[in-house]
Amino acid sequence: MSIDGGGAATGRPSTGGDLTTLDVATLTEVLHKGEAGAVDVTRSYLDRITAEDPRLAAYLYVDSETAIATATAVDEARARGEELGPLAGVPIALKDVVVTAGIPTTSGSRILEGWHPPYDATLAARLKAAGTVLLGKTNMDEFAMGSSTESSAYGPSRNPWDHDRIPGGSSGGSSAAVAGFLAPWAIGTDTGGSIRQPAAVTGLVGHKPTYGSVSRYGLIAFSSSLDQAGPMARTVLDAALLHEAIGGHDPCDSTSIDAPLPPLAECARRGADGDLSGVRVGVVRELGGEGHRDGYEDGVLARFAEAVALLESLGAEVREVSCPAFDLALPAYYLIAPSEASSNLARFDGVRYGIRIGDDGAHDLDEVMALTRERGFGAEVKRRIILGTYALSSGYYEAYYGQAQKVRTLIGRDFAAAFGGADGTGLDVLVSPTTPTVAFPLGARVDDPIAMYAADLCTLPASLAGVPAISVPCGLADGLPVGLQIMAPALADDRCYRVAAAVEAAQDAARGHRLLEPLAARAVGPEHTP
Amino acid sequence: MSTPAPTDRLSRQEVAHLARLARLAVTDEELDLFAGQLDVILRAVARVREVTGEDVPPTTHAVPMTNVMRPDVVRPSLPRDVVLSQAPAAEGDRFRVPRILGEEA
């Protein structure tokens, strides 16, 4: 039985009425009609977390008491007949890079162990005001530096499709939680692919918004010119709804764009109709095309080719496009991001928050800082701080950081050329695989930073150019999910949602059920065996 | 005044120096590990120098913005006690910092 993606009343789960299997669009209707209460929904998720999270390790912190209290307040308000927003009573998980007032926030690092932030990030405040129920904070690579969650100081999360494989990263706790049905949706952050890659390898929809589309106020900074928060969800429509809930201008973030969001959910709904007539799609040669297939798995390329054929069958005009500077995205990113990180992470000095090591009167300030940072940071963070310090040092700045910024300009020009001007001949969206491979086994790349960085090959260009990009599932290879990436011009996030929704609807219809449905069934109840 | 041209190599000694600059008290084992890894990474990222044209300005930020202002309105700060409660050490109304001056100072 298929689940209706439009959120209609027919969209009930096929797995025995378990509330955790509902998509959010459906869940909001169930709550609104009073068919289930926020407490029922929240309890269903908490039960599932209790049963499954010891295996998946998706969460760093779960606060059942507060979650139930929040849900109770929503149910009581509804019972009193109060006017509630559409998301009231919907549970959510936040990546632990998002600061939350009074709730432990570590960014996956020892250096912030035990820290209770004194304020809420703007997106956390908006979700709170919308009446959502915070289930907990999800695991992540330390300071969002990684593609597997293996650099988390608190151990890796696991992929619900195969517990011996990575859930992606850095937002891998969020992907494991949502794909494992331990949250209906979650917030991730994406600096070089950290929403899209974990979404791709777990069969989720993940969108990196246009840079400046979602406030960065209260996100623990990694690389400020690249960091962007966004939605991770089980359907394109849910991702659009979450993006709308967190997006829009924020005076607390000077890089926040002062313009209304395009109608994202509306475009997702329209896209699900499946008509892409007149949509011009460019297939980027440098991301898995002829002569650029090193490191790409055959299964990924096969699913990608099928997705492109599907786009054509839905009416899209497809042509190949060359973006030569994309070849240099990885080197540019791995100079720019570490450089900005080395500067941003200077704030962790053991003085104002977090741990302090060696303050015994025998060590001076510099020594205490060095001991604190040595103990508080993991290997990947140290590597990047050292590399960034080198790239920014006098005499080498131009040769590395300056050159990387020039690459960034060229990548922006490639996008601009592909999308074209106002003459109407430009492409509407660009597509590529989201990742060169399916989820790799835990441990396979931890000792080889360059191999780990290659997981971001396809996602980096959109990050460097600040343009929006979504990953939507496009089938399985060797039983593991493959993602299709759809990139659009800045501020045209709606195109990502529209095209992604068309792909999702067509594939769900052909398959007869949603990609994640086997996982929903597999994960039900504490008695399951892997 | 001239700096030697980048060799795209990082020695163990240079890594130790960089770690000191970044206030990281790295161990000998870490130095051995990082020096090798960073040397490989540096050679890989040095490809950015393939870009030569003079007409390529640097991009610092994907969305061009200058002088973003908000209204000059006084707003309350975070409560001092809440902030200090999260510090590793506080004394009175202040953060307590480790010893800054050496013995002989």
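Two strands pair if DSSP finds at least two bridges between them, where helices (H or I, at least four residues) and strands (E, at least two) are DSSP runs numbered from the N terminus. This is a predicted model, in which local features need pLDDT of at least 70 and side-chain atom pairs count only at pLDDT 80 or more, while totals for chains, interfaces and linings use all residues. Residues are numbered from 1 along each chain as its sequence is written, and chains are lettered from A and ligands numbered from 1 in the order in which they are written.

Q: In which sense do strand S7 and strand S9 of chain A pair?
A: A:Val281 stands opposite A:Val429 in S9(A). Strand S7 covers residues 280–284 and strand S9 residues 429–433, and over 3 bridges the sense of their pairing is parallel.

Q: Which strands of chain A stand at the edges of the open sheet?
A: The open sheet of 11 strands has mixed pairing and runs in the order S1-S3-S2-S4-S6-S5-S10-S11-S9-S7-S8 (chain A). Each edge strand has a single partner, so one side of it is left without a neighbour in the sheet; these are strand S1 (59–62) and strand S8 (317–321) of chain A.

Q: What angle does the direction of helix H16 of chain A make with that of S10(A)?
A: Neighbouring strands of the sheet are turned by 30° against each other on average, direction ignored. Helix H16 (residues 493–511) packs on this sheet, touching strand S5 (205–208), S9, strand S10 (469–477) and S11 of chain A. With axes as lines fitted to C-alpha atoms, for helices over the stretch in contact, and angles running from 0 to 180 degrees between N-to-C directions, the angle to S10(A) is about 15°.

Q: Is A:Val482 buried or exposed?
A: A:Val482 belongs to strand S11 (residues 480–487) of chain A, and beyond its neighbours within four places in sequence its contacts (C-beta atoms, placed from the backbone, within 7 Å) include A:Ala200, A:Gly299 and A:Pro433. A residue is buried if 20 or more other C-beta atoms lie within 10 Å of its own, exposed if 12 or fewer, and partly exposed in between. Because 29 other C-beta atoms lie within 10 Å, A:Val482 is buried.

Q: How many C-beta neighbours does A:Glu286 have inside 10 Å?
A: A:Glu286 lies in the loop between S7 and helix H9 (298–313) of chain A. Leaving aside neighbours within four places in sequence, its contacts include A:His292, A:Ser322 and A:Asp327. A:Glu286 counts as buried because its C-beta neighbours inside 10 Å number 22.

Q: Which helix gives the most to the side of chain B that touches chain A?
A: The contact takes 49 residues from chain B and 61 residues from chain A. On the chain B side, helix H1 (12–21), helix H2 (28–45) and helix H3 (80–84) each supply at least two residues. The greatest contribution, 8 residues, is that of H2(B).

Notes
Contact = placed C-beta atoms within 7 Å.
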